[in-house]
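Me: I am new to this structure and would like a close look at a single part of it. Please take me through that part slowly, and then show me what surrounds it.

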Amino acid sequence: MTYFMGIDIGSAYSKGVIIKDSEIAAYYMISSGANYRTAAETITLELLKQTNQSQENINSVVATGTGAASVDFAGRQVSEIVCTARGINHIFPQVKTVIEVAGQSSKVIKINEQGKVTNFAVSEKCAAGSGRFVEVIANVLRIDLKDFGPISLRSSRPVSFGTGCAVFGESEAVTRVAEGIPKEDIAAGVNLALAGKITSLAGKIKLEEPCAICGGGALNAGLIKSLEAELHIRLLVPPQPQIITALGAAIIARTSS
Amino acid sequence: MNFAGVDIGSTMTKVVLTDTTDKVLSAIKGPTGPEHRQLANEVMKSALEQAGLQLDDISYIVATGYGRVNVPFADEQITELSCHARGVYSIFPNVRTAIDIGGQDAKCMKIDKGKLIDFVMNDKCAAGTGRFLEVTAATLGIPLQDIGDISLKSTKKIQISNICTIFAQQEVVALLSRGEKVEDIIAGLHYALASRVATLARRLKIEPDVVLTGGVAKNSGIVKAMKESLGCDLLVPEEPLLTGALGAAILARENYVRAREKGEALPIKSRRLDKATFYNNGS
């Protein structure tokens, strides 16, 4: 009985991780959809299938994220910030600060050697301060989210967004497209604007290196480049940046049982 | 002598023509659209027609609003804050506080005898402006002009976040799928916007009389929600969209008369409604 599970029900995506001892045995991610409970069940079934285990063999389950309360088979609920810190500490034990760029929020979390949170700052419920801004503008530019980073890296003249609002930014992007401004310059401008918001968030707590980035935003190479330039630091990127919080939940399930 | 005020807002362009007693001779509104300059010409032309005047009959023209620099026939540009303050004062002489909710911004002004003495504004976040209702009403598929009356039918309070328009839009979809009534959702949206604007306004000391203007003031649901959020009574002009243009016309008269009395020369532009283009720098 050495299996532990972490489930992270986010606003847009739900992720699950099963660890065996301290190794990742399986992970899975789906769109959260309208029913968080269904999402949690689908993830659990898939993870059990991948590991060839039955539910009874999972020693304990920790749920986190916006929809944690919907995971009624979880033994405990733990806040995302605590889980994210723990997850990144597992991958990069030396990291002192982690930046998480998610679909509906951005967080800057300071952690100690044990992976415990010592300070944090959150930007919540503002689309322009989260990955949602990138989604909105990708839609205007009609480019795939996964291409957003690479396309933005081709830019040499990023456009400047005037307001710090995703709704106004969307109108600005439409105007720039009509003016014939290349897509890469608009995409790079979005990454720069988002990096600016995260930088001012990071300014609320003292950023310390080594520093890592996780969440869906960590898949956007253009955002990472802009953040590194704005913050004057190097960012470590884990191999599966979107499952870090679920991984942290699984590790907490193990250590607390 | 006649005067004109041209208010180029983000959403609507307004022209008011007045005489020496500040009596309104005509008032025209039209959607701004992307080509400010050409539209200003057209709205001005209709205003002149309605008043039975020629452009030459206008002694002095003041442009205001965020597109004020794009009015080639205007003699002077004055900020919309000063124009609003003056326009509201001419309608409600006891005004001390004016709140203007436009399509793309919201401002709160402290006014002393028609003069602007202090202000706060939000033009950085759509959630505190008319844009919030525009986007969310579109999600519900309901015409903007109907949402105010629909909101008044609400019997249940629904809390909707006022931090971000995009996430509020997402909440609306979730509320619909939960089976909430449209009128309750719309009322929730009205309270969300009203509380956001009230928070902005409270950065100044709110003193009566308080006047609500801007296109959003035409929405009866917002007037009700703003009264509740501010905890005070509100006066609303019959034409809440026109106070900026009206103020511009009155300031045109005042500046013109003052200059004449002092014997100063005023920089009067040529009285031609040129079809302006965006890139006409001599070429």
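Over which residues of chain B does pLDDT stay under 50, and how many contacts beyond four places in sequence does the model have for them?

Reply: This is a predicted model, and the stretch you ask about is residues 278-283 of chain B, where pLDDT stays under 50 and for which the model has zero contacts beyond four places in sequence. Where pLDDT is low, the predicted coordinates should not be read in detail. Within chain B, strand 9 (residues 210-213) has the highest confidence, at a mean of 97, while confidence is lowest in helix 1 (residues 36-51), at 84. For the model as a whole, the scores are ipTM 0.82 and pTM 0.85.

A part of chain B that can be followed in more detail is helix 8, which covers residues 243-262 and has 20 residues, reaching 28 Å from its first C-alpha to its last, close to the 28 Å expected at 1.5 Å a residue. Its buried residues include B:Leu246, B:Ile250, B:Arg253 and B:Tyr256, and the buried residues of this helix pack against strands 1, 2, 3, 4 and 9 and helix 2 of chain B. Just after helix 8, B:Gly263 takes a positive phi of about 75 degrees.

A cis peptide bond, with omega about -5 degrees, joins B:Pro208 and B:Asp209. In chain A, the peptide bond from A:Glu209 to A:Pro210 is cis, with omega near -5 degrees, and A:Pro210 has its place in the loop between helix 6 (183-202) and strand 9 (211-214) of chain A.

Elsewhere in chain B, B:Lys113 has a phi near 50 degrees, a positive value in a residue other than glycine, and its place is in the loop between strand 7 (106-112) and strand 8 (115-122). B:Lys113 counts as exposed because it has 10 other C-beta atoms within 10 Å.

Finally, chain B meets chain A in a contact that takes 12 residues from chain B and 13 residues from chain A. On the side of chain A that touches chain B, helix 3 (132-141) and helix 5 (166-178) of chain A each supply at least two residues, with helix 5 giving the most, three residues. The residues on that side of chain A divide into eight nonpolar, three polar and two charged.

Notes. Residues are numbered from 1 along each chain as its sequence is written. Chains are lettered from A and ligands numbered from 1 in the order in which they are written. This is a predicted model: local features need pLDDT of at least 70, side-chain atom pairs count only at pLDDT 80 or more; totals for chains, interfaces and linings use all residues. Two residues are in contact if their C-beta atoms, placed from the backbone, lie within 7 Å. Helices (H or I, at least four residues) and strands (E, at least two) are DSSP runs, numbered from the N terminus. Ala, Val, Leu, Ile, Met, Phe, Trp, Tyr, Cys and Pro count as nonpolar, Asp, Glu, Lys and Arg as charged, and the others, Gly among them, as polar. pLDDT is the predictor's confidence in each residue, from 0 to 100. The expected span of a helix is 1.5 Å times one less than its number of residues. A residue is buried if 20 or more other C-beta atoms lie within 10 Å of its own, exposed if 12 or fewer, and partly exposed in between; C-beta atoms are placed from the backbone.
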